[in-house]
Amino acid sequence: MSDDIDIDIDAITKRMNGALTSLRGDFASLRTGRASSSMLDVVQVDAYGSMMPINQVATINVPEPRMVTVSVWDKSMVGAVDKAIRNAGLGINPVMDGTTLRLPIPELNEERRRDLAKVAGTYAENARISVRNVRRDGMDQIKKGKANGMPEDDQKVYSDEIEDITKSHIGKIDAALEAKQEEIMQV
């Protein structure tokens, strides 16, 4: 194989792992009937003249399966944190208790569960598309290599390796989706 032709399998794997990581982040933001500190990751608080993540102004705990507590560090920020949670579109109404906000997580009805399962499916499909796009980029690199005189054996090796990585990542996405949908539909 000539020195100027090189298919970076590590970079391809890293990009596919990125799609998987992004999917897990999307899944964490989906609210199931169970409390999770990650459901507040989307909340931005107007604090000291700038927007910052809620975890930079408060401590988030999950003391029980259907309750999240937010302990605000600065007493003057309690109102801003309360407003940020209400405006985040999570469907949660905080209950103020001094500098602590209690967030009771309401039960999900059957229709809402089905909707969330569909959203999870959409997230998974987007991740699959990302993985396939990375696969296509890798195959395009092989085609360029072929045009530049890459031996057929090397083309086959790289092609098979990219296919194996793709299958592995699609399988991981499908498994993550199945687990998330099961969690969502759990009553």
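**Before selecting anything**

The model is predicted: local features require pLDDT of at least 70 and side-chain atom pairs count only at pLDDT 80 or more, whereas totals for chains, interfaces and linings use all residues. Residues are numbered from 1 along each chain as its sequence is written, and side-chain values use heavy atoms, with hydrogens and water left out.

**The whole chain**

Display the protein chain as a cartoon; its secondary structure comes to 4 helices and 6 strands. Helices (H or I, at least four residues) and strands (E, at least two) are DSSP runs, numbered from the N terminus. Read along the sequence, the pattern is α-β-β-β-β-α-β-β-α-α. The radius of gyration of the protein chain, 23 Å, is well over the 16 Å that the globule rule gives for 187 residues, so the chain is more spread out than a compact globule. That radius is taken over C-alpha atoms, and the rule is 2.2 Å times the number of residues to the power 0.38. Along its principal axes, the C-alpha trace spans about 70 × 40 × 20 Å.

Next, show the surface. The accessible surface of the protein chain comes to about 10,600 Å², of which 48% belongs to carbon and sulfur atoms; areas come from the Shrake-Rupley method with a 1.4 Å probe, and for residues only the protein chains shown count as cover. Buried residues make up 37% of the 187 residues, where buried means under 20% relative accessible area, exposed over 50%, and partly exposed in between (1.4 Å probe, protein chains only).

**The two domains**

Colour residues 9-30 + 109-186 as domain 1 and residues 37-104 as domain 2. These bounds come from an automatic or database domain assignment. The domain centres, taken over C-alpha atoms, are separated by 33 Å. For a distance to draw on screen, select Asp10 in helix 1 and Met39: their C-alpha atoms, 29 residues apart along the chain, are separated by 32 Å. Asp10 is exposed, with a relative accessible area of 62%.

**The largest nonpolar core**

Show side chains for Ile7, Leu23, Phe27, Ile162 and Ile173, which touch the most other members of the 27-residue largest nonpolar core. The elements giving two or more residues to this core are helix 1 (9-29), helix 3 (110-147) and helix 4. A nonpolar core is a set of buried Ala, Val, Leu, Ile, Met, Phe, Trp, Tyr and Cys residues joined through side-chain atoms within 4.5 Å. Centre on Ile7: leaving aside neighbours within four places in sequence, Ile7 is in contact (heavy atoms within 4.5 Å) with Ile12, Gln141, Ile142, Met150, Tyr158 and Ile162. Apart from this core lies another, of 24 residues, among them Val45, Met52, Leu90 and Leu103.

**Along helix 4**

Select helix 4, residues 152-185, and find Thr166 within it. Thr166 is buried at a relative accessible area of 7%. Beyond its neighbours within four places in sequence, Thr166 is in contact with Met16, Val131 and Arg135.

Move to His169, also found in helix 4. His169 counts as buried, at 3% relative accessibility. Not counting residues up to four places away in sequence, His169 touches Thr13, Met16, Asn17, Leu20 and Val131.

Continue to Ile173 in helix 4, which counts as buried at 0% relative accessibility. Ile173 touches Leu20, Leu23, Ala124, Ala127, Arg128 and Val131, with residues up to four places away in sequence not counted. Its C-alpha atom is separated by 8.6 Å from that of Glu125, 48 residues apart along the chain.

**Helix 2 and its cover**

Select helix 2 (residues 78-86) and highlight its buried residues: Val78, Val81, Asp82, Ala84 and Ile85. They cover an arc of only 165 degrees around the axis, which puts them on the same side of helix 2; the arc is that of the directions from the helix axis to the C-beta atoms.

Select Tyr48 in the loop between strand 1 (44-47) and strand 2 (50-53). Tyr48 has a positive phi of about 55 degrees although it is not a glycine. Tyr48 is exposed, with a relative accessible area of 57%.
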